[in-house]
Amino acid sequence: RQTQSTGSSMIYNFYIFGKNGKCIYYQEWNVQRPRPDNPAEEQALMFGLLKALTSFVGKATTTFCDSFQSFETSTYKLHFFEAGTGIKFVINTDPKAQAALMQGTLKKIYSDFFVDYVIKNPLYNLGDPIKCSLFEYSLDKYIKTLPNFSQ
């Protein structure tokens, strides 16, 4: 189902998962629920959902499809991008966010921020949690400029 954007929409949170399924980065905006007692459990549930959806899409389609790009409920829309390296990027928005715009956003985050500030950083070991202030600052600044970001 394609939802047209009507008015402003919100970006809630963003995950990066390593090839092994471990969450290596998490950031949230516009979230009004209390933070979970165990963020690692929530991150593992998110990765499990990604695995299940990817598996389901692969089995349910009659043509070649290497992955899904978004998943929508009545309260949020999950947008997904998997880089060729197996690193997975997820951004959750409200349902009004346009999937094509958010796909471009995820690809830009990968190519312009993740590659430049994380992968090219000689102090970073692939798969470790991301602790790079330039990446965090640039990502936050970029997200807040998007038309889907509202407070």
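The model is predicted, so local features need pLDDT of at least 70 and side-chain atom pairs count only at pLDDT 80 or more, while totals for chains, interfaces and linings use all residues. Residues are numbered from 1 along each chain as its sequence is written, and side-chain values use heavy atoms, with hydrogens and water left out.

**The overall fold**

- The chain has three helices and five strands; helices (H or I, at least four residues) and strands (E, at least two) are DSSP runs, numbered from the N terminus.
- Of the 151 residues in the chain, 44% are buried. Here buried means under 20% relative accessible area, exposed means over 50%, and partly exposed is in between (1.4 Å probe, protein chains only).
- Among contacts in the chain with a separation of 6 or more, 53% are between residues 24 or more positions apart; a contact means heavy atoms within 4.5 Å.
- The chain exposes about 8,500 Å², and carbon and sulfur atoms supply 54% of that area. Accessible areas come from the Shrake-Rupley method with a 1.4 Å probe, and for residues only the protein chains shown count as cover.

**Salt bridges**

- There are four salt bridges, each being a side-chain nitrogen of Lys or Arg within 4 Å of a carboxyl oxygen of Asp or Glu.
- One of them joins Lys108 and Asp112, at 2.6 Å from N to O. These two residues are four apart in helix α2 (residues 99-119), so about one helical turn separates them. Asp112 is partly exposed at 29% relative accessible area, and Lys108 is partly exposed at 32%.
- Another joins Asp140 and Lys144, at 3.0 Å from N to O. They sit four residues apart in helix α3 (residues 133-145), so they too are separated by about one helical turn. Lys144 is partly exposed at 42%, and Asp140 is partly exposed at 22%.
- Lys120 and Asp116 also form a salt bridge, at 3.3 Å from N to O. Lys120 is exposed, with a relative accessible area of 57%, whereas Asp116 is partly exposed at 36%.

**Aromatic rings**

- The structure holds 13 aromatic pairs. Rings of Phe, Tyr and Trp (its six-membered ring) pair if their centres lie within 6.5 Å; planes under 30 degrees apart count as stacked, over 60 as edge-to-face and the rest as tilted.
- Phe14 and Phe89 make a tilted pair, 6.4 Å centre to centre with 35° between the planes. Phe14 is in strand β1 (residues 11-17) and Phe89 is in strand β5 (residues 88-93), so the pair links distant parts of the chain, 75 residues apart. Both Phe14 and Phe89 are buried.
- Tyr15 and Tyr26 form a tilted pair too, with ring centres 4.8 Å apart and planes at 55°. Tyr15 lies in strand β1 and Tyr26 in strand β2 (residues 23-28), so this pair ties together parts that are eleven residues apart in sequence. Tyr15 and Tyr26 are both buried.
- Ring pairs also link Phe14, Tyr25, Phe81, Phe89, Tyr110, Phe114 and Phe135 into a cluster.

**A buried glutamine**

- Gln103 is found in helix α2, and with 7% relative accessibility Gln103 counts as buried.
- Leaving aside neighbours within four places in sequence, Gln103 is in contact with Gln69, Phe80 and Phe81.
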